[in-house]
Amino acid sequence: MFKIGSPVKGNDFIDRIKYLPKFKLLLESNQHIMIKAPRRFGKTSLVKHTFEHEQNFDYIYIDIRRATSLKSLANQILDKAYHFTGIDRFINKAKDSLINVLKSVQKIKIDDIAEITLEMIEKETDETEYFLHALDVVEKIAHKKNTNIKFVMDEFQDITKLTNKKILELLRSTIQHHENVTYIFLGSIESIMTDIFESKSSPFFHFTKVIDLGGLDTKEVFDYTKKALTNKKISYDEHSLKNLIDFLQGHPDYTAQTLQTLYINAVINGDMKAHEDDCINALCTTLLDNKAYLEELITKARMKKHQYEVLNAIANDKEVELTSKALYATKISLENLGLIKNISRGKYILTDILLQILLQQEIDEEISLKENIKFKLTQSK
């Protein structure tokens, strides 16, 4: 009930269900897709639910954050690609014994692509060429197996951290010729993903169908929560519960954490209730549980001049004394960190509701966190 910490599946996959028909139809049409949303907003849950729960597609999932270089990224891709041919841990086996791996690949008869891979590994080929080759391997294997492989690249915007931006042009020029691979690009830095896929000057302009994944539908979460609590024989104050869910603005991770805490406290305390004070305590717990993560975001903001100052001003709806040029540049850099979002001309909001509370708490130090949260929940519509 209210599971956290891993992609949501099955009966707990609420709200995102409305995205599934469109997502599956696009996949069945072999349409390349880009999904953007802030961190911890359920992008991976949507994808994993489709590929693992539905089990209708061959797919490769790669998290670019786990790669330290283009070479290591290519190795991840090659391992998963050759898995489709029945060869597990291809890279490690190649390093241990090229001859034994060569015998294995000759049996699977996928043209000469595997021999080229082994030659590249042996000669330590340029990492960009090696990476583009890895993508071609996926295409060749998909063609050989007469299937269409769905290739998920999570946190795609981070690929430019592994090398220069020229990789985007090289990547597009390679994969545009692939007929047996459908690419799904996920990204949490919305401004960068928008620039890559929706800017007319980008090589990826008009390459994908864009899905902007918003927050959960709070009404659907409210209805789901009432039903779940009723089934567990937990009484609840409907007004307070609705205020809590509305306040969290459909943030999937924070909503799940808070509601899970609300449920656990009701059972452990033995009173089997979820009333106003219980909702406040649950939200306090969620903020404290995430404080290290939130402080890490603040630390990142402090690393560049004016960023923390502007972030704090936006959180507390205050003006900041900077030149218009410096203010604009700072807001762009905060957008590129995924900390703020432009909602209208000149108007920005924080992408993380708990980060906003923490920054507001720094201003109102004399007010306890619990009092601050209680005030905000009672003001919530």
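In the predicted model, the axes of helix 3 (residues 70-83) and helix 7 (residues 127-144) come within 8 Å and cross at roughly 15 degrees. Axes are lines fitted to C-alpha atoms, for helices over the stretch in contact, and angles run from 0 to 180 degrees between N-to-C directions. Helix 3 and helix 7 are therefore roughly parallel to each other; angles under 35 degrees count as roughly parallel, over 145 as roughly antiparallel, 65 to 115 as roughly perpendicular and the rest as oblique. Their crossing is left-handed. Contact (heavy atoms within 4.5 Å) involves, among others, Leu-70, Leu-73, Ala-74, Asn-75 and Ile-77 of helix 3 and Tyr-130, Phe-131, Ala-134 and Val-138 of helix 7. The residues of this contact divide into 14 nonpolar, 2 polar and 2 charged. Ala, Val, Leu, Ile, Met, Phe, Trp, Tyr, Cys and Pro count as nonpolar, Asp, Glu, Lys and Arg as charged, and the others, Gly among them, as polar.

Asn-75 lies in helix 3 and is buried, with a relative accessible area of 14%. Buried means under 20% relative accessible area, exposed over 50%, and partly exposed in between (1.4 Å probe, protein chains only). Leaving aside residues up to four places away in sequence, Asn-75 touches Ile-91 and Tyr-130. A distance of 9.5 Å separates the C-alpha atoms of Asn-75 and Asn-92, which are 17 residues apart along the chain.

Helix 14 (residues 276-289) and helix 19 (residues 369-379) pack at an angle of about 120 degrees, with axes 10 Å apart. This pair is therefore oblique. The residues making the contact include Cys-279, Ile-280, Leu-283 and Leu-287 of helix 14 and Leu-369, Ile-373 and Leu-377 of helix 19. By class, the contact residues comprise 9 nonpolar, 2 polar and 4 charged.

Strand 8 (residues 340-344) runs antiparallel to strand 9 and is joined to strand 9 by 4 bridges; two strands pair if DSSP finds at least two bridges between them. Helices (H or I, at least four residues) and strands (E, at least two) are DSSP runs, numbered from the N terminus. Ser-344 has Lys-347 of strand 9 as its bridge partner. The two strands form a hairpin with 2 residues between them, and Gly-346 in the turn has a positive phi of about 75 degrees. In strand 9 (residues 347-350), Tyr-348 and Leu-350 form the covered face, whereas Lys-347 and Ile-349 form the uncovered one.

Residues are numbered from 1 along each chain as its sequence is written. For this predicted model, local features need pLDDT of at least 70, side-chain atom pairs count only at pLDDT 80 or more, and totals for chains, interfaces and linings use all residues, while side-chain values use heavy atoms, with hydrogens and water left out.

How values were computed. Left-handed = near helix turned anticlockwise from the far one by under 90°.
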